[in-house]
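Have a look at the structure, then read on.

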Amino acid sequence: MEFIQGWKEAFPEHAHRRWIIAAESYGGHYIPAWTGAILDHNDHAETAAQINLTGIAIGNGIVNETVQANSFAEFAERQSLIPPGAAPKSDGEARRLVESTLGYSPNFYDYRLKDIECCGCTSYNYSAWSHWFMREDVRKALNVCGTAGAAAFAGCAGGCVDLPSFDDKDSFDYSGALSRALQRGIRLSFYYGKQDTACNYVGGYKVATESLTWAGAAAFREAPLKPLMIGGANTGSWKQLGLLSWFEVEAAGHMVPLNNGAAALRAIESTWWPSGANEL
C-alpha cells in the first residue's frame with residue numbers, strides 16, 4: 001500500500017485512474033493478498049485516498065492448493081498424456097506415466113517441450129536473460145545497488161532464490177479474498193494454458209467454479225464453456241458471467257502471453273469491459 005500511495009503522489013496526473021492488478025504462477029497467491037490489502041485499506045481510507053481497483057487477472061496461478069491439489073492425474077488423462085483408466089495413485093506416479101507416454105521427460109511448464117538440464121535451467125534455459133540482468137550497463141540503468149540481484153541472477157541461479165520454509169503454515173484465505181473482490185463489484189479473470197503441468201487448468205477451473213463465494217457462483221458453475229474464437233480461429237474455451245471470466249487456452253503452457261498473446265490479451269481485456277461476444 002505504501003508503494004501505491006507513493007506512486008500516486010509521484011504521478012498525481014494518473015492518481016484518478018482505475019487499477020487492474022495481474023500476475024501469473026505464484027502470482028495466484030500474490031494477487032489475492034494484494035487484493036485483500038487494497039480492500040482493507042479502502043475500508044478505512046478517505047474517498048480521495050482509496051485505490052480504485054476495478055479488475056484482477058490471474059494466469060496459470062496456484063491460488064488455492066487445497067482445491068488444486070491432486071488434479072494432475074485428471075489433467076493428464078484429459079490431455080491424453082496417460083492411458084485411459086490408468087488411475088495413478090499419486091502425482092508422482094502420474095508424471096512417470098506421462099513421461100512414458102510422451103517418450104521423453106517433459107518440460108515442467110509446457111509438456112510439448114523436452115525438459116532441459118543445465119547451469120541456469122529450471123526446465124527452460126533461463127541463463128541468457130538472468131545473466132542479462134547482471135550486465136553492468138543494465139544494473140546501472142536499473143539503479144541496482146551493490147550486489148543486489150546476484151543471488152537470484154548470477155551463476156546458475158537462473159532467476160531463482162532459495163527461500164526455505166517460505167509460506168509454511170500460511171493461513172491466508174486466498175479464495176476468500178477473491179470472493180470478497182467479486183462481492184465488491186471487481187472483475188476477475190482466470191486464464192490457463194492447457195499444456196502447462198506446473199499449474200494445470202483442471203485445478204484452476206476448480207478454483208473458479210468451486211471455491212469462490214459470490215452472487216453468481218452457482219450460475220457460473222453451470223454455464224457452458226464456449227469456443228474461444230480469435231481472428232476466426234478456435235484457440236481454446238472460455239466463459240464469462242457477470243464479473244467472472246474463465247479462459248483455457250490451447251497452444252500455450254505456463255507462459256500464455258508468450259505462447260498465445262492474443263488469448264492472453266483477450267483475458268486481460270475482460271477485466272475492464274464485458275465482452276458480450278467471443279470473437280476478436
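## The largest pocket

The largest pocket holds about 880 Å³ of space. Keep in mind, as you explore, that this is a predicted model. To find the pocket on your screen, look for Ser-25, Tyr-26, Ile-62, Tyr-109 and His-254, the lining residues that lie nearest its centre. In total, 31 residues line the pocket.

Which kinds of residue make up this lining? By class, there are 16 nonpolar, 11 polar and four charged residues. Several elements take part: β1 (19-24), α2 (27-44), α3 (65-68) and α5 (91-102) each give at least two residues to the lining.

Let's turn to the charged pairs. The structure has nine salt bridges. One of them joins Asp-40 to Arg-180, with 2.8 Å between the closest N and O atoms. This pair ties together distant parts of the chain, since Asp-40 sits in helix α2 and Arg-180 in helix α9 (residues 174-183), 140 residues apart.

## A bridge within one helix

Another salt bridge brings together the side chains of Glu-74 and Arg-78, at 2.8 Å from N to O. Here both partners belong to helix α4 (residues 72-78), and because they are four residues apart in that helix, about one helical turn separates them. Glu-74 counts as partly exposed, with 31% relative accessibility. Arg-78 is partly exposed too, with a relative accessible area of 48%.

The bridge links distant parts of the chain: Glu-250 is in the loop between β10 (244-249) and α12 (256-259), while Lys-194 is in the loop between β7 (187-193) and α10 (201-210), 56 residues apart.

The two partners fall into separate accessibility classes. Glu-250 is partly exposed, at 31% relative accessibility. Lys-194 has a relative accessible area of 11%, and because buried means under 20%, Lys-194 counts as buried.

How values were computed:
Residues numbered from 1 in each chain as written. Predicted model: local features only at pLDDT ≥ 70, side-chain atom pairs only at ≥ 80, totals over all residues. Heavy atoms only, no water. 1 Å grid on protein atoms, 1.4 Å probe; cavity = no way out; pocket = protein on both sides within 12 Å on 5 of 7 lines; lining within 4 Å. Points joined across faces, edges and corners; volume = space filled by probe spheres on them. Nonpolar A, V, L, I, M, F, W, Y, C, P; charged D, E, K, R; others polar. Salt bridge = Lys/Arg side-chain N within 4 Å of Asp/Glu carboxyl O. Buried < 20%, exposed > 50% of the residue type's maximum accessible area, 1.4 Å probe, protein only.
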